[in-house]
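Q: Please take a close look at one part of this model and the residues that go with it. Say how each term is meant as you go.

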Amino acid sequence: MLSIRKGVISVFITKVLVAFIGLITVVIASRYLGAEGRGMVSFFTSSVALLQLFCDFGSSSALINLSYTYRSYILWLSAILWVLGICILGTLFLLGFTNFDFVYWVPAAAFLFSFLNINGLLLMGNQKVFQRNVLLVLQPFLLLLFFVVIFFYTNTVQAYPIAFLMALLIAGMVSYQMLLPTLRGSKKESLLGFKFEAQVIKAGFWAQSGHAIQFLNYRINFFIIVFFMGNAALGIYNNAIVIAESLWILGHSVGQIMHMKILNSTSDSEHRTITNKMLFYNFAGTFLMLMVLLLLPSTFWEWLFSKDFSGIKPLFFYMALGIICFSISNILNHYFHAKNKFKTIAICNITGLLVGVSFGIWFIPQFGLMGASMAWSSGLFASMCIYIFAYFKRNKMTDGF
């Protein structure tokens, strides 16, 4: 059994590497595509993520929990069929949006991303952490490599979505090869004898409801910004979000391993003890990283991204509250997820969504990107308050922090 310390360190190092590779990609895209091109890329990837949001109702993180009681082959094929159906419907829906750049590439990218995600989740559910970590690094590395090469030859913004699709395709093939022994070992019937496992949708609905709401809380401002301010503003805002979310690496690392530990234990007291410790460590670590971020001068970001992004520094101060709030919510989210309390997660996140969207519609037209940052933080603050209330209520404030 993987120890908490080794598991956290392993996942943390992997996520740091992923964030570093992603940052290099963002820097190169920002320098050579400018704020306008960066905004176009952001709109494309956000559209892919939006379609994938519906795919994930049948390919959500609930697959990790289900893999402890259901055969991997049944879960895998059921999830793939669901994703395929959603992407076909998505293609039909997008046929009318001919003025949207790269519109026809969105369903293909969403399918490949979901395929890679399904394989990674089932590897995680079978406690193959190393293989999952390799996949986490492989896809962004391939994206960076292909983007640099293709842009060198084409010098167009199309280089990014092409590289995006190529990276997903190759990473998906590698992930399938990693999972194949597990699938073969759990396959007991022919394809003709396969029966769709409805639990994939039932569990996925509640698991993904919370994540879908959380995604909208993170990304709904992207679409509002494009509507009121255009692609260039979105490029600046998206870079700020990328940097802000990189501070959550520690929490995601801690949460994943904590999640597995809770699934492999039946002691509520032990679950509380682990969760309380992880809350403290994650909050302290995130706070220290945030202080470093706020101390970096504006000239650093101009040097890193280009002069187009000179207005990015002030946004971090308005995002600071949201960064800290999510450091707490993230751990509690993993706790409730491991306890199969998906309704609780959905309620917490929908509170944040309603607050964040309300503030976004009000603040963005008046205050621009600062308003978007304030709305983002306000939604995460509201969500955190409900998470803390639900956690204390469930545990009756026993064992403390």
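A: Ala49 is partly exposed, because its relative accessibility is 23% and that term covers the range between buried (under 20% relative accessible area) and exposed (over 50%), with a 1.4 Å probe and protein chains only. The model is predicted, so local features need pLDDT of at least 70 and side-chain atom pairs pLDDT 80 or more, while totals for chains, interfaces and linings use all residues. Residues are numbered from 1 along each chain as its sequence is written, and side-chain values use heavy atoms, without hydrogens or water.

Ala49 belongs to helix H1 (residues 4-55); helices are DSSP runs of H or I with at least four residues, numbered from the N terminus.

Ser327 sits in helix H12 (residues 313-338) and is buried, at 1% relative accessible area. Its side chain reaches the backbone oxygen of Ile324 at 2.5 Å. Beyond its neighbours within four places in sequence, Ser327 has contacts (heavy atoms within 4.5 Å) with Asn282, Phe283 and Thr286.

H12 also meets helix H8 (residues 231-246): their axes, lines fitted to C-alpha atoms over the stretch in contact, come within 11 Å and cross at roughly 45°. The two helices are therefore oblique, the class left after angles under 35 degrees (roughly parallel), over 145 (roughly antiparallel) and 65 to 115 (roughly perpendicular). Residues making the contact include Ile236 and Tyr237 of H8 and Leu315 and Phe316 of H12.

How values were computed:
Polar contact = N/O pair within 3.5 Å; in protein donor to acceptor, adjacent residues only side chain to side chain. Axes fitted to C-alpha atoms, helices over the stretch in contact; angles between N-to-C directions.
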